[in-house]
Amino acid sequence: MKNNRLPLIVGAFISIALIVAIFVVYNYKNNQVNSASDEQPKTTETNKTTEQDSTVTEKPDNTETPAKPEQQPDENGYLPNQTLPTEPTYINGILLANKIYPLPSTFAPEENPEAREALNQMLAAAKQQGFDLVAFSGYRSFEYQTTLYDNYVKRDGQAAADRYSARPGYSEHQTGLAFDIGERGKEDVWLTEEFGETPAGQWLFAHAQEYGFILRFPQNKEEITGYMYESWHYRYVGKEIAKEITKKNITLEEYLGVK
């Protein structure tokens, strides 16, 4: 009887062992799946954190660098056979117009309202100090500049005209940010270097920066600006930039890094 029960007992032990083995294997695989499942979100979260850090620390480059001219300027400061662009040149948000970087012939912004408001404040401050300043020339269209320049060339010749007058498309007056300033009652020194030597001209030179203006074509900078000293020509660039340019005694070209 005992011998008959022995196979049954062995079979029971084998069955129990198989059940235990199956249970162990099942638990092991389940733990592996759970472990893999737990690690995936951590990896994703790490990637998200890295992307966020990169976005925060990586500052966008807003500097607009114009293409360097391939040719050398001629004796008058212009690039030979240059054609006018279809878009104006901005560097760090500052509109640039000179003999190398001209404006489109269709560019017609009219007078800049912010520049006009700053100009009015400056003229009012000057009047409180006893100087009756006036902006006798401001915005000029492409067509008007063409007429002016052609008349100067007929009168003085192109080489001479290029030292004090911009060719059509190259004038700062077309930006709507430039003004020729003089003192009422002293029109005889308008558009002359002598204006800069008058008390009114000296006050303007000393205080223009406070209102966002710079003397655009200062003394001893003709090789950089392309124009002779103009004590009357002021350009609006904003207060912070005007103060920095004036403090360093540099030109707009030098400030923008194009010279």
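In which sense do strands S4 and S6 pair, and over how many bridges? The close-up views below include the reply. The model is predicted, with local features requiring pLDDT of at least 70 and side-chain atom pairs pLDDT 80 or more, while totals for chains, interfaces and linings use all residues. Residues are numbered from 1 along each chain as its sequence is written, and side-chain values use heavy atoms, without hydrogens and water.

**View A. Strand S6 and its partners.** S4 and S6 pair in the antiparallel sense over 3 bridges; strands (E, at least two residues) and helices (H or I, at least four) are DSSP runs, numbered from the N terminus, and two strands pair if DSSP finds at least two bridges between them. Tyr234 of S6 is the bridge partner of Phe179. S5 and S6 are likewise joined in the antiparallel sense, over 3 bridges, and here Leu215 stands opposite Tyr234. From S6, His233 and Arg235 point one way, whereas Tyr234 and Tyr236 point the other way, and all are buried; buried means under 20% relative accessible area, exposed over 50%, and partly exposed in between (1.4 Å probe, protein chains only).

**View B. Length and start of helix H2.** Helix H2 comprises the 16 residues 113-128, which at 1.5 Å a residue should span 22 Å, and the 23 Å between its end C-alpha atoms agrees with this; the expected span is 1.5 Å times one less than the number of residues. At the start of H2, a side-chain oxygen of Asn112 comes to within 3.0 Å of the backbone nitrogen of Glu114. Just after the helix, Gly130 has a positive phi of about 95 degrees.

View C. The buried residues of H2 are Ala115, Ala118, Leu119, Met122, Leu123, Ala125 and Ala126. They cover an arc of only 160 degrees around the axis, which puts them on the same side of H2; the arc is that of the directions from the helix axis to the C-beta atoms. Pro113, Lys127 and Gln128 are exposed on the face turned away from the buried side.

View D. In H7 (residues 239-248), Ile241, Ala242 and Ile245 are buried. These buried residues fall within an arc of 100 degrees when seen down the axis, so they line one face of H7. An α-helix has 3.6 residues a turn, so residues three or four places apart point the same way. The face of H7 turned away from its buried side carries exposed Glu240 and Lys247. Just after H7, Asn249 takes a positive phi of about 55 degrees.

Conventions:
A polar contact is a pair of N or O atoms within 3.5 Å; within protein, one must be able to donate a hydrogen and the other to accept it, and residues adjacent in sequence count only if both atoms are side-chain atoms.
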